[in-house]
Amino acid sequence: MLPFPLLMGIGRALGWIVEHVPSPRRKVAATNVALCFPELDAKAQAALVDAHLRDIGMMLIEFALGWMGSDRAIGKIPLRIEGLEHLESAHAQGQGVLLVGGHFSHLELCARLVSQRIRIAGMYRRMDNPVFEWTVLRARLGYARAMFDKDDIRGTVKYLRNGGTLWYAPDQDMRSKDNAFVPFFGVIAATITGTHHLARLSRSVVVPFFHRRLPGSEGYALRLGAPLENMPGADAEADTARVNHCIEDMVREAPEQYLWVHKRFKTRPEGDPPIY
């Protein structure tokens, strides 16, 4: 495995290519940025889109490193982590923990990094391609305690009730029957209500989990926040809106590193015009 600083340099080179090669995903990212950051002028919005496309090049390297890097290589990546005391406190009381975060470009690598300190499981949507599904699942099970299909609610709840820690990212448009239309950056977005239901069924605490790439070759900063109070509440929609707001705060800290090329607002309330 190449040294981490060199890999980051390759990622930046790939990012330059991604930025300059025409792609329909640029339009998706530009639409999302315009919707979510109306306070920015057109020049600033375009600069954020460019920065995000460059970040996609970094993401390609980080996916490869997260899935194929040796434990020795992963152990050499600079890492700052704070907030582990929240996890330890929950486990001391016999509670499971839902680590709730967003789809940032370095999600896969940061899952591998945090697994060096925390025994985690994940929840995911199966890939359509069986070869890709086998490859990705095999890579993830190399560091994760377990990987639960998004429909395996019973297995996930059992794992959490036994004091497990589950990484959960509920910020993509999954076109699920369990969606609620709640704001994300002030725009109505179809959002899965799974955080509320998993926390309610498993009696787990919900801990915000943020990760970002630091400049140059400084590595990554991971932060576990204090458990969300009164979560779950009585209202699944209100809890879902609260989680979206929490992820918004994370995105504002590193906006170029968020996955803007995803069609976050594809599913619309009945009667609304399409966005993409």
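1. Glu85 has a relative accessible area of 47% and is therefore partly exposed; buried means under 20% relative accessible area, exposed over 50%, and partly exposed in between, with a 1.4 Å probe and protein chains only. Glu85 belongs to helix α5, residues 84-92. Helices (H or I, at least four residues) and strands (E, at least two) are DSSP runs, numbered from the N terminus. The C-alpha atom of Glu85 is separated by 8.7 Å from that of Leu224, although the two residues are 139 residues apart along the chain.

2. The model is predicted: local features need pLDDT of at least 70, side-chain atom pairs count only at pLDDT 80 or more, and totals for chains, interfaces and linings use all residues. Residues are numbered from 1 along each chain as its sequence is written, and side-chain values use heavy atoms, with hydrogens and water left out.

3. Asp149 is part of strand β4, residues 147-149. Its relative accessible area is 16%, so Asp149 is buried.

4. Two polar partners of the Asp149 side chain may be noted. One is the side chain of Arg126, with which Asp149 makes a polar contact at 3.1 Å; such a contact is a pair of N or O atoms within 3.5 Å, and within protein one must be able to donate a hydrogen and the other to accept it, while residues adjacent in sequence count only if both atoms are side-chain atoms.

5. Arg25 is located in helix α2, residues 24-36. Arg25 counts as partly exposed because its relative accessibility is 39%.
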